[in-house]
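User: I'd like to go through some side-chain contacts in this one. Could you take me through them?
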Amino acid sequence: MKNLKILIVEDEALSVMFLKMVLKKAGHHVEKVVASGEEAIEYAVAEGPDLILMDISLAGSIDGIEAALTIKNKVDVQIIFMTGYPDRKHMTRAKEADPVKYFIKPIETSDFITAVNAVCQDPDKIEHKL
């Protein structure tokens, strides 16, 4: 299993703590945590993470979907969206970024780790689901 460089893009401290705990327990390491789309773009372009765990509602002037689209235009990276927005409008926009998965909060831990582990196994052979 590949050891991934994971970037968490989330502006809620409790969500960050939860994600880091779940990932650590599953044997993964988080490289960086940022709270805004702008920071996510800057880090992704400079460091080239393997996986981005992206919330949709973020601090800053752009949302997670816009950040993901910008990042995907510049670097090859897998993205998992996490959001409190279950509506079709957000899902349709998010689909443009070709995410590995789109989770509605609260996230089911086992499904989340399954998606992360799939990226670890072979990022090029992931079946993207939305």
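User: Which residue meets Arg 93 in a salt bridge?

Analyst: This is a predicted model, where local features need pLDDT of at least 70, side-chain atom pairs count only at pLDDT 80 or more, and totals for chains, interfaces and linings use all residues. Residues are numbered from 1 along each chain as its sequence is written, and side-chain values use heavy atoms, with hydrogens and water left out. A salt bridge here is a side-chain nitrogen of Lys or Arg within 4 Å of a carboxyl oxygen of Asp or Glu. At 2.8 Å, N to O, the partner of Arg 93 is Asp 63.

User: How many residues apart in sequence are the parts that Arg 93 and Asp 63 tie together?

Analyst: Helices (H or I, at least four residues) and strands (E, at least two) are DSSP runs, numbered from the N terminus. Arg 93 sits in helix 4, and Asp 63 in the loop between strand 3 and helix 3 (64-74), so the parts tied together are separated in sequence by 30 residues.

User: Is Arg 93 buried or exposed, or partly exposed?

Analyst: Buried means under 20% relative accessible area, exposed over 50%, and partly exposed in between (1.4 Å probe, protein chains only). Arg 93 has a relative accessible area of 28%, so it's partly exposed.

User: Which residues are linked in a network of salt bridges?

Analyst: Glu 10 pairs with Lys 105, with the closest N and O atoms 2.9 Å apart. Asp 55 also forms a salt bridge with Lys 105, at 3.5 Å between the closest N and O atoms. Put together, the network is Glu 10, Asp 55 and Lys 105.

User: Is Asp 55 buried or exposed?

Analyst: Glu 10 counts as buried because its relative accessibility is 2%, whereas Lys 105, at 26%, counts as partly exposed. For Asp 55 the relative accessibility is 4%, so it counts as buried.

User: What kind of peptide bond joins Lys 105 and Pro 106?

Analyst: Pro 106 lies in the loop between strand 5 (101-104) and helix 5 (109-121). Omega between Lys 105 and Pro 106 is about 0°, and the bond is cis.

User: What is the geometry of the aromatic pair Phe 103 and Phe 112?

Analyst: Rings of Phe, Tyr and Trp (its six-membered ring) pair if their centres lie within 6.5 Å; planes under 30 degrees apart count as stacked, over 60 as edge-to-face and the rest as tilted. That rule gives 2 aromatic pairs. For Phe 103 and Phe 112 the centres are 5.9 Å apart with 65° between the planes, and the pair is edge-to-face.
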